[in-house]
Amino acid sequence: MSDLPAPGFPGILRYTAFSADPAGGNPAGVVLDASALDDAAMLAVAADLGYSESAFLTGRTEAVAPGARGYAIRYFSPKAEVPFCGHATVATALALAERDGPGELEFATRAGTVPVTVVREGDELRATLTSVEPGVEDIAPTDLAEALAALDWPAADLDPALPPRIAYAGARHLVLAAGTRERLAALDYDFARLEAFMHRLDLTTVQLVWRASDAVFHVRDPFPVGGVVEDPATGAAAAAFGAYLRELALVPEAAVLTLHQGEDMGRPGTLTVTLGAGDTRVRVSGTGTRLPEPA
């Protein structure tokens, strides 16, 4: 018997996050009431949709911030549950704002509580998530060598000004900086080898970056552990990357950064990363739009 909900199940919405253009950003499935779905059904929905992640609201929670609306949320890739997903959080927040109006939200995730603010800017809604407490750690030389081998990236192609690290802001990501835009664009990796490496280090994506200017970066995120070659726009990795930049003093303590992602996939999106003085958490914001239902 199929684990998919019965035909005609009305709760599956489709949004793209980090772009107001349906052809850009990162698509996500959104189920605003998944209380009747078990783990197998949620995984089956995510696999059937085929997006890098889908989000499922499993119930209401008591919000900490006065006036905020609280929800328990879970995230599934086509292969497995993940602890946190930024673009699916943004997509869900936008779906709730369209239904109930903009305002303050709190999502109870496996990684911790993630506040989200949704505001209307002209004709668009914009969501800003605040990460859980982030962290940055070194990567062993042997592990770095294995990652580069799986990517088929020579070590000489890395940017020495942005050293490799593992960064966390709800999920773990290996940050690797390309020395040139051409190196970043030439992504053709060993799917099975990188997947095995990432499972061993409990990584959600590999955050590949190229620094275009002091506050502008181009990024790509291989995501074989989720069953997809590449994630088009990755909010969780953007938050982790913001923590990485601040931890290594590569940007000012208070900074607004622009991340361009998805260009090499034909799905361009823009993520805004905000770092605040005296606040270790990272804020990631973007627009989005509902996708048309398939014919």
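Contact here means heavy atoms within 4.5 Å. This is a predicted model, in which local features need pLDDT of at least 70, side-chain atom pairs count only at pLDDT 80 or more, and totals for chains, interfaces and linings use all residues. Residues are numbered from 1 along each chain as its sequence is written, and side-chain values use heavy atoms, with hydrogens and water left out.

**Arg14**

Leaving aside neighbours within four places in sequence, Arg14 is in contact with Ala28, Leu49, Tyr51, Arg290, Leu291, Glu293 and Pro294. Arg14 lies in strand β1 (residues 12-17). Helices (H or I, at least four residues) and strands (E, at least two) are DSSP runs, numbered from the N terminus. Arg14 counts as buried because its relative accessibility is 14%. Buried means under 20% relative accessible area, exposed over 50%, and partly exposed in between (1.4 Å probe, protein chains only). Pro27 is 13 residues from Arg14 in sequence, and the two are 6.9 Å apart in space, C-alpha to C-alpha.

Strand β13 covers residues 216-223. Seven of its eight residues are buried. Two strands pair if DSSP finds at least two bridges between them. The table lists the pairings of β13.

| Partner of β13 | Sense | Bridges |
|---|---|---|
| β12 (residues 205-213) | antiparallel | five |
| β14 (residues 228-231) | antiparallel | three |
| β15 (residues 255-261) | parallel | four |

β12 and β13 form a hairpin with two residues between them. Val209 stands opposite Val219 in β13. β13 and β14 also form a hairpin, with four residues between the strands. In that hairpin Gly227 takes a positive phi near 90°. Pro222 stands opposite Glu230 in β14. On the β15 side, His218 has His260 as its bridge partner.

**Helices α3 and α5**

Helix α3 (residues 141-151) packs on helix α5 (residues 191-201) at an angle of about 155°, with the axes 8 Å apart. The two are therefore roughly antiparallel. Axes are lines fitted to C-alpha atoms, for helices over the stretch in contact, and angles run from 0 to 180 degrees between N-to-C directions. Angles under 35 degrees count as roughly parallel, over 145 as roughly antiparallel, 65 to 115 as roughly perpendicular and the rest as oblique.

From α3, Asp143, Glu146, Ala147, Ala149, Ala150 and Leu151 take part in the contact. They meet Arg193, Leu194, Phe197, Arg200 and Leu201 of α5. The residues of this contact divide into seven nonpolar, no polar and four charged. Ala, Val, Leu, Ile, Met, Phe, Trp, Tyr, Cys and Pro count as nonpolar, Asp, Glu, Lys and Arg as charged, and the others, Gly among them, as polar.
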